[in-house]
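Subject: Handover of a structure and summary of findings

Dear colleague,

Please find below the structure that I am passing on to you. A summary of what was found in it comes after the sequence and coordinates.

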Amino acid sequence: MTIIGIDLGTTNSLSAVFESERPVLIPSAHGRYLTPSVVARLEDGQILVGDAAKELRVTKPHLCASRFKRLMGTQEAIQLGNQSFTAPELSSFVLRSLKSDAEKFLSKTISKAVITVPAYFNDLQRRATRFAGELAGLEVVRVINEPTAAALTYGFYDRDLRKKLMVIDLGGGTFDVTIMEVFERMLEIIASAGESMLGGEDFTDKMASNVLMKFGLQSEVVEHKYPLQLARLKQKCEEAKLKLLATEAVEISLPSQSGDVDPSKQPVSIHRDEFEKWMEPLLTRLMRPIERAIGDANLDVNQLDEILLVGGATRMDCLQKFLASRLKRKPLCQYNPDEVVAMGAAIQAALIEDNAAVEDMVMTDVCPHTLGIEVSKLFGGEFIPGYFEPIIHRNTTIPVSKEKQFSTVSANQTEVQLRVYQGEGRRAEDNLLLGELKVDGIPLGRSGAPFDVRFSYDPSGILEVEVVVPQSGKTHRAVISHPDSRMNPKQVEQIVRKLQKVKFYPRDLLENKLLLSYCERILGEVPIHLREELNGMLDVFENSLRSGDPSFYELARNQLRIWLSSHGFTFDEGSDG
Ligand code: ADP
Ligand code: MG
């Protein structure tokens, strides 16, 4: 049974499969490797995922959801038209799309996957990711950390490596730092740190708010009053951000309040230096996790042999310069930063399948956050509850099993409600509550009756808690791994039923939908005298689509493409595939 590797990103997702002794990327319905992690719910209720949905984000933002990876592990729902979805539900749509692309590509049913997550994801976020997989009809055989997956790719291709590496992964929405040691084909992760609310999209947002300021506007106000204006401006800023790699300056004009670009409006010019100045506060934020990882690894920055860059946002020139100056060496970007994670996930899948091509590879990982329980502390003769007592410290190599002894705080206490937390806060409430376990059967007697708490944590983020009461010999066990600890099986069943009713936009028509959405987006950018012409061609195209006759719509499609290229628009369908 083939296991595919999936990089489920904030901005882009992709999958790979281990075939003919190496990882192979799987193309989407558009022949591209990257599938934008964008979901749209069309007016007729059909769900659209990927490139076509991304195009709609500019013209119909209220029908589109993106960046929902940032909401994984929360209960927050996103409204799409008259229906609302949670982050795992939306992620399941992306996964479902990748699954069907893989099935098409491999000509077989796929039901198992390795999915990557940011190293810094906590257990609720990891469980939400597993749950998303289940909702998409995928058994998630392993959840692995994105930088670890990237390192697997480097380790797979560079067999003679013997180095201490730092992987810096800045994607669209999350930031991860991982330090590891590679020795022959053994990969040992030493420390991970990160921030789950920092990524390339923040750089784009920052640019947009600064551009608005140049026009004398405030982004909060525009966001509230004119979402179409902001959506178009963000898309312009995203394009400009990428352009600033090759050019010194870009021009951006303010879209109208209804989201159209009026070429007669005076644009502002943004020089690369100015852009870089705007980005400084974000760049500075990168340093804290970097320093924490170096500290936890007990290393000096000079002991690192190489810095590897992963994630699209590490392409930024200012980021590379910033890191080079702070870390005193030039970072490397040997493989495509968009693709290394998915390839590593496929290598992990091969490891699970005992594929002979990877039989000499060994990998160990660490847990990114501290795990412990809530305890009471004795202050001035009084027990004060609410403190956090670590049992497994962050950056401990996993799998790991650790035991600590605790005792009751009052006389004749026969029960303890054990609360399991994850985090670094001194007080329990500052950390994440992962689950609870009731310990009973403690014999009557004085306070201070002992009980032993053992935590066992495995690479998939499954935590097993075992409590033994020595006086009675009674043992309590709990596996804290439910997809969402706050959800009961009935609620899960309800979600499954809700999603079963969802209709997906047919895969073989996606190409047409993409072209249509693309044209609808640029309609807001073409000069007035051409708008009518394009509009007319779109009517013909849409009409031909409704006919359902391929020979009819293929003709209309070709005419549209000719029109686009003759007017200087690049509709680069399949260009990166
Ligand atoms: P994720 O894994 O979180 O989905 P990706 O690794 O695909 O994210 O990176 C997406 C981010 O990278 C986006 O915010 C995008 O703007 C940014 N990005 C991609 N290419 C460039 C570039 N050339 N310059 C600056 N940012 C880039
Ligand atoms: Mg990524």
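Predicted model: local features only at pLDDT ≥ 70, side-chain atom pairs only at ≥ 80, totals over all residues.

Overall form

The protein contains 14 helices and 27 strands. Its radius of gyration is 26 Å, close to the 25 Å that the globule rule gives for 577 residues, so the protein is as compact as a globular protein of that length. The C-alpha trace spans about 90 × 55 × 55 Å along the principal axes. Buried residues make up 55% of the 577. The accessible surface comes to about 25,100 Å², and carbon and sulfur atoms account for 48% of that area. Among contacts with a separation of 6 or more, 68% are between residues 24 or more positions apart.

Four domains are given by the domain assignment: domain 1 (3–198 + 281–366), domain 2 (200–280), domain 3 (371–500) and domain 4 (508–566). Between the C-alpha centres of domain 3 and domain 4 the distance is 59 Å.

In soluble globular proteins, nonpolar side chains tend to be buried together. The largest nonpolar core here has 49 residues, and the members that touch the most others are M166, I168, I179, M207, V211, I270 and I290. Helix 8 (residues 272–296) is the greatest contributor, with ten residues in this core.

A separate core of 42 residues lies apart from the largest one, and its members include I6, V17, I495 and L499.

Buried residues of note

R32 sits in the loop between strand 3 (22–26) and strand 4 (35–36). Is this arginine buried or exposed? R32 has a relative accessibility of 12%, under the 20% cut-off, and therefore counts as buried. Its side chain makes a polar contact of 2.7 Å with the side chain of D51.

T129 belongs to helix 3 (residues 123–135). With a relative accessibility of 2%, T129 counts as buried. Leaving aside neighbours within four places in sequence, T129 is in contact with L8, M72, I115, V117 and F121.

G200 lies in helix 5 (residues 200–214) and is buried, with a relative accessible area of 5%. Not counting residues up to four places away in sequence, G200 touches L170, G171, G172, G173, K241 and A313. G200 and G31 are 169 residues apart in sequence, and their C-alpha atoms are 25 Å apart in space.

Backbone features and loops

Most residues other than glycine have a negative phi, and most peptide bonds are trans. The points below may be read against that background.

- The peptide bond from I398 to P399 is cis, with omega near 0°. P399 is in the loop between strand 21 (397–398) and strand 22 (400–407).
- R67, a residue other than glycine, has a positive phi near 55°. R67 is placed in the loop between strand 7 (64–65) and strand 8 (77–80).
- D354 likewise has a positive phi, near 60°, and is located in the loop between helix 10 (340–352) and strand 18 (362–366). D354 is exposed, with a relative accessible area of 67%.

One further loop residue is P470, found between strand 26 (463–469) and strand 27 (474–480). P470 is partly exposed, with a relative accessible area of 42%. Which residues does P470 touch, not counting residues up to four places away in sequence? P470 touches Q405, P450, F451 and D452. The C-alpha atoms of P470 and D452 are separated by 7.6 Å, and the two residues are 18 residues apart along the chain.

Yours sincerely

Key
Residues numbered from 1 in each chain as written. Chains lettered and ligands numbered in written order. Heavy atoms only, no water. Core = buried A, V, L, I, M, F, W, Y, C linked by side-chain atoms within 4.5 Å. Buried < 20%, exposed > 50% of the residue type's maximum accessible area, 1.4 Å probe, protein only. Helix = DSSP H or I, 4+ residues; strand = E, 2+ residues; numbered from the N terminus. Polar contact = N/O pair within 3.5 Å; in protein donor to acceptor, adjacent residues only side chain to side chain. Rg over C-alpha atoms; globule rule 2.2 N^0.38 Å. Contact = heavy atoms within 4.5 Å. Areas by Shrake-Rupley, 256 points an atom, 1.4 Å probe, with all protein chains shown as cover. Domains from an automatic or database assignment.
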